[in-house]
Amino acid sequence: MSNRMMDEKVENNAQRVEVEFDWLMSLALDDQLDDDELARLESLAAESEDLALTWKAWQWIDSEFSATPSLTPPSGFVQRFEARLAEQEQQRQQRVLLLSAALALMALFLVFLSTAGVGAFVLLTQGHWIGEQIRQMTLAYTSANVWFTSSVETAATVAQTPQAQIVGALYALAMTLMAAAWVYLLRRSARIDENAAHLSAE
């Protein structure tokens, strides 16, 4: 039992050392270590051959990165890229518009074919019924037109009689008297409200 606990303790200690070494190594590559931390890194590397090899490998990688010249894009690269991107976007929008127009035309063509087919089917199978309905509608329109014309003529004839003119005049007089009475009542109500407001203010 004690041997197992000792092994776990040694393993945990080794993991802590590796984490600390990785942290120190990262700071060293970025030139962020002070003297004490640098001495700690070197002591850890001296105590473990694996850590020393890791440190040398990372130093070599860092030197290779430093020696590699930085590549800059050629002059006008950004402008050409943006222009090409805008052109591709415009082409995509044109394709979408063309596809939408084609689908709309196809839908209209299908609706036209469907309507024509239904109309032809009804005309071929129900031609007598359609003719009868058209005749009935024509008769109904003619009857309505005759009724309207006769009604207008009758109303005009009645309006020209003395009795109708007297009734119209009496109706107009009654409406005028009612309007005058209504205006009088409104004015009287307004005066009463004004007097009440003065009395309450006093």
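Helices (H or I, at least four residues) and strands (E, at least two) are taken as DSSP runs and numbered from the N terminus. The model is predicted: local features need pLDDT of at least 70, side-chain atom pairs count only at pLDDT 80 or more, and totals for chains, interfaces and linings use all residues. Residues are numbered from 1 along each chain as its sequence is written, and side-chain values use heavy atoms, with hydrogens and water left out.

The chain holds six helices and zero strands. Along the sequence the pattern reads α-α-α-α-α-α. Burial was assigned from relative accessible area: under 20% is buried, over 50% is exposed, and partly exposed lies in between (1.4 Å probe, protein chains only). Buried residues account for 6% of the 202 residues in the chain.

The largest nonpolar core has twelve residues. A nonpolar core is a set of buried Ala, Val, Leu, Ile, Met, Phe, Trp, Tyr and Cys residues joined through side-chain atoms within 4.5 Å. The members are F21, L24, M25, L27, A28, L33, L41, L44, A45, L51, A52 and W55. Helices α1, α2 (35-47) and α3 each give two or more residues to this core. The largest share, five residues, comes from α1.

Salt bridges were assigned where a side-chain nitrogen of Lys or Arg lies within 4 Å of a carboxyl oxygen of Asp or Glu. The count by this rule is two. One of the bridges joins the side chains of R40 and E20, at 3.0 Å from N to O. R40 belongs to helix α2 and E20 to helix α1, so the pair ties together parts that are 20 residues apart in sequence. R40 is partly exposed, at 33% relative accessible area. E20 is also partly exposed, at 27%.

R92 forms a salt bridge with E89, and the closest N and O atoms are 2.6 Å apart. Both R92 and E89 lie in helix α4 (residues 77-125). They are three residues apart, about one turn of the helix. R92 has 41% relative accessibility and counts as partly exposed. E89, with 34%, is partly exposed too.

Surface patches were then examined. Patches are made of residues with over 30% relative accessible area and no salt bridge; like charges are joined within 9 Å, and nonpolar side chains (Val, Leu, Ile, Met, Phe, Trp, Tyr) within 5 Å. Accessible areas come from the Shrake-Rupley method with a 1.4 Å probe, and for residues only the protein chains shown count as cover. Lys and Arg count as positive and Asp and Glu as negative, while His and the chain ends are not counted. The place of a charge is NZ of Lys, CZ of Arg, CG of Asp or CD of Glu.

E18, D22, E49 and D50 form a negative surface patch. E18 sits in helix α1. Its relative accessible area is 45%, so E18 is partly exposed.

A nonpolar surface patch is formed by M106, F109, L110, F112 and L113. Together these residues have about 550 Å² of accessible area. F112 is found in helix α4. With 56% relative accessibility, F112 counts as exposed.

D31 is not a glycine, yet has a positive phi of about 60°. D31 is placed in the loop between α1 and α2. The relative accessible area of D31 is 70%, so D31 is exposed.
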